[in-house]
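Please read the following note with the model open beside it.

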There are 2 protein chains.
Amino acid sequence: MSASRKGDRRERELVNKLDENGYAVMRAPASGAATDRDLPDALAGNGDDFYAIEAKSSSGDPIYIGGEEVESLIYFAQNFGAKPRIAVRFDREDWYFFHPADLYVTDGGNYRVKKEKALSEGIDFTEFVGQSERVRIDAFDGSS
Amino acid sequence: MSASRKGDRRERELVNKLDENGYAVMRAPASGAATDRDLPDALAGNGDDFYAIEAKSSSGDPIYIGGEEVESLIYFAQNFGAKPRIAVRFDREDWYFFHPADLYVTDGGNYRVKKEKALSEGIDFTEFVGQSERVRIDAFDGSS
């Protein structure tokens, strides 16, 4: 399987996992976005939290994300009213989430995530979907 | 030009107009949506208002929208945290927006919009983009 097809499959898996965890998710079209703007890979919302997500999976380590791609993500997220997040997935690992500001920026202006950093400092999937207000409200109900 | 290509072009025009009016917009992919769920045609947000939009253009009158399509729109909008809107465009007219609940439902369970009703009762584009909180805040600033 080519790297891009594998990346596409993994991105679908991420979208499905978010869907199963109460998010309504729209993936960006591969083409025909209508405007000239770069779109994030996915938009996810659950009524409380809105995320614009750029997803990168790789068999290599580290994962690099282009500086312009991240700028476009932040720009779109800000305009839309969503939180920008970079989701990275290394082979045989789960997805980890970062706010762009928490990533290392290279001298060339690109963003870099090492696998070690993803596993130690990234927000894992369970934490990511557990960050919603909805869950906190449920927690309150449980304590009464 | 085929009816579907014309519809596609008009949908792009709508997305571009929303973009020009301060909305960040994501169009649904034609295929490869990743989940089995029916997606709305577009998601638009401006930091204050979030809309899930089903867009229908037609040279015929009235315009019909399938009942299941509208149910999917409402379901997605509710889960995401967006307002569901049906956008209709008749030949040589502008886009008009409706909340699904304001449309006529046929005996067969489909939604129907007559051109006459769109022009007299629909929210026109200027009203639609002017409904945001952002504009109301600007209005307050202007009165001081």
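1. In chain A, strand β5 and strand β6 (residues 95–98) pair in the antiparallel sense over four bridges. Strands here are DSSP runs of E with at least two residues, helices are runs of H or I with at least four, and both are numbered from the N terminus; two strands pair if DSSP finds at least two bridges between them. Within this pairing, A:Ile86 has A:Phe98 as its bridge partner in β6(A). The two strands form a hairpin with four residues between them, and A:Arg92 in the turn has a positive phi of about 60°.

2. The model is a predicted one, in which local features need pLDDT of at least 70 and side-chain atom pairs count only at pLDDT 80 or more, while totals for chains, interfaces and linings use all residues. Residues are numbered from 1 along each chain as its sequence is written, and chains are lettered from A and ligands numbered from 1 in the order in which they are written.

3. Strand β5(A) also pairs with β3 (residues 50–58) of chain A: eight bridges join them, and they run parallel. In this pairing A:Tyr51 stands opposite A:Lys83 of β5(A). Seven of the eight residues of β5(A), which spans residues 83–90, are buried (20 or more other C-beta atoms within 10 Å of the residue's own; exposed means 12 or fewer, partly exposed in between, with C-beta atoms placed from the backbone).

4. At the interface, 27 residues of chain B are in contact with 27 residues of chain A, contact meaning C-beta atoms, placed from the backbone, within 7 Å. On chain B, α1 (3–20), β1 (24–27), β2 (42–45) and α2 (67–80) each supply at least two residues of this side. Because 100% of the interface residues of chain B are also interface residues in chain A, the copies meet through the same surface.

5. B:Tyr23 is found in the loop between α1 and β1 of chain B. This residue is buried, with 24 other C-beta atoms within 10 Å. Leaving aside neighbours within four places in sequence, B:Tyr23 is in contact with B:Leu18, B:Ala44, B:Gly45 and B:Asn46.

Conventions: Two residues are in contact if their C-beta atoms, placed from the backbone, lie within 7 Å.
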